[in-house]
Amino acid sequence: MQKISLVAGLAVLMAACGGEKAPEQTPAAVPAADTAAPAATAAVPTGATHDVRMEFDGKTYHFIPATLTIKAGDVVNFHNITGGPHNVAFWADSIPAGAAAVLGASMPNQMQPLSGPMLVEQDAIYSISFAGAPEGEYKFYCLPHLAMGMKGMITVDD
Ligand SMILES: [Cu+2]
């Protein structure tokens, strides 16, 4: 009698094991997690693209718009329309804590830290990704035209 109950108990155990194998045989969730991981870690732009025109109106130099609010993950295209060369430079003391490292990685061809290259050709575009950028105000200027008031501000607001 005891043996029978043992066997019966084993059978129940084995049935339980067999039952547990069913979920293990659906490994589809594993590759899905694998493919999602690199996308989540890469600081790629995920949001909207904004166009900021860099213009000379015959008298003064402007970023248009001079102020804009974006989300982290957006991209801002600085667009040389007229009056170049222009560039985009951020004041290191006028951006949020942690932003310098993000911009340092997302601004190609910097002349100096946080200062982008000169856009000489008309319609040249300099793109800055704000993927991973902390919330806050980012004040920037155009180096050749700072004395003439060519400056602006981006607010990252999630
Ligand atoms: Cu300029």
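Colleague: Leaving aside its neighbours within four places in sequence, which residues is Phe90 in contact with?
Modeller: This is a predicted model, and the contacts that follow are computed from it. Once neighbours within four places in sequence are set aside, the contacts of Phe90 are Ile95, Leu103, Leu114, Tyr138, Lys139 and Phe140.

Colleague: What is the strand order in the open sheet of 4 strands?
Modeller: Strands of a sheet pair through backbone hydrogen bonds, either parallel or antiparallel. In this open sheet the pairing is mixed, and the order is E2-E1-E4-E6.

Colleague: Which strands stand at the edges of that sheet, and why is one side of each left without a neighbour?
Modeller: Neighbouring strands of the sheet are turned by 20° against each other on average, direction ignored. Each edge strand has a single partner strand, so one side of it is left without a neighbour in the sheet. The strands in that position are E2 (61–64) and E6 (125–129).

Colleague: What is the bridge partner of Arg53 in E2?
Modeller: Strand E1, made up of residues 49–56, pairs with E2 in the antiparallel sense over 4 bridges. In E2, the bridge partner of Arg53 is Ile64.

Colleague: Does Thr60 count as buried or exposed?
Modeller: Thr60 is placed in the loop between E1 and E2. Because Thr60 has 12 C-beta neighbours inside 10 Å, its class is exposed.

Colleague: How many Å apart in space are Thr60 and Gly149, C-alpha to C-alpha?
Modeller: Not counting residues up to four places away in sequence, Thr60 touches Met148 and Gly149. Thr60 and Gly149 are 89 residues apart in sequence, while their C-alpha to C-alpha distance is 8.0 Å.

Colleague: What share of the contacts with a separation of 6 or more comes from residues 24 or more positions apart?
Modeller: The protein chain contains 3 helices and 8 strands, following the pattern α-α-β-β-β-β-β-α-β-β-β along the sequence. Of its 158 residues, 25% count as buried. Among contacts with a separation of 6 or more, the share from residues 24 or more positions apart is 74%.

Key: Residues are numbered from 1 along each chain as its sequence is written. This is a predicted model: local features need pLDDT of at least 70, side-chain atom pairs count only at pLDDT 80 or more; totals for chains, interfaces and linings use all residues. Two strands pair if DSSP finds at least two bridges between them. Helices (H or I, at least four residues) and strands (E, at least two) are DSSP runs, numbered from the N terminus. Axes are lines fitted to C-alpha atoms, for helices over the stretch in contact, and angles run from 0 to 180 degrees between N-to-C directions. A residue is buried if 20 or more other C-beta atoms lie within 10 Å of its own, exposed if 12 or fewer, and partly exposed in between; C-beta atoms are placed from the backbone. Two residues are in contact if their C-beta atoms, placed from the backbone, lie within 7 Å.
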